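Reader: I would like to go through this structure one step at a time. Please keep the answers plain.

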Amino acid sequence: MSKLGLLKNNCRLVILEDIVDSEDEPDLVNSLEINTKLSPSKEKPDSCTECNSYDITGVVVMGSIEGIIFWECDDCEEIILRYPQKVTEKYLQLAKGLWTNPSDWGYVPRKNFN
Ligand SMILES: [Zn+2]
């Protein structure tokens, strides 16, 4: 199974583009196909509610909150929320457009060097 993002300290570091089809999606949580019927789990779940796997990884989205935003099963890719759906949505929205606006990051185009 190929996984996007960078694995670090048992967390997977991703950018929003890695996990959603389109950043323009008004409802990012929905586009992730998260099982929203499950109640959010602040602590890392012991096992996957879908396949009972113990391989649960915390997902960190760059540009969003610091730290894990939701959990993902390494085996079946089931996503388990860490925060309520509305809160997760708000956090994901923070990561929008992160890489499309380099000037926000103090990036100086090469032609401006002199
Ligand atoms: Zn699973």
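Reader: Where is the place of I69?
Author: This is a predicted model. In it, β3 covers 56-61 and β4 covers 70-73.

Reader: Is I69 buried or exposed?
Author: A residue is called buried if 20 or more other C-beta atoms lie within 10 Å of its own. I69 has 23 other C-beta atoms within 10 Å, so I69 is buried.

Reader: Which residues does I69 touch, not counting those up to four places away in sequence?
Author: Residues up to four places away in sequence are left out here. The list that remains for I69 is V59, V60, V61, S64, R82, T88 and Y91.

Reader: How do β3 and β4 pair, in the parallel or the antiparallel sense?
Author: Strands of a sheet pair through backbone hydrogen bonds, in one of these two ways. Here I56 stands opposite C73 in β4. β3 and β4 are joined over four bridges, and the sense is antiparallel.

Reader: Which strands stand at the edges of the sheet?
Author: The sheet is open, and its five strands come in the order β1-β2-β3-β4-β5, with mixed pairing. Two of them have a single partner strand each, so one side of each is left without a neighbour in the sheet: β1 (6-8) and β5.

Reader: How many residues has the largest nonpolar core?
Author: In soluble globular proteins, nonpolar side chains tend to be buried together. Among the residues with the most contacts inside this core are V59, V61 and F70. The elements that give two or more residues to this core include β3, β4 and β5 (79-81). The size of the core is 18 residues.

How values were computed:
Residues are numbered from 1 along each chain as its sequence is written. This is a predicted model: local features need pLDDT of at least 70, side-chain atom pairs count only at pLDDT 80 or more; totals for chains, interfaces and linings use all residues. A residue is buried if 20 or more other C-beta atoms lie within 10 Å of its own, exposed if 12 or fewer, and partly exposed in between; C-beta atoms are placed from the backbone. Two residues are in contact if their C-beta atoms, placed from the backbone, lie within 7 Å. A nonpolar core is a set of buried Ala, Val, Leu, Ile, Met, Phe, Trp, Tyr and Cys residues joined through C-beta atoms within 7 Å. Two strands pair if DSSP finds at least two bridges between them.
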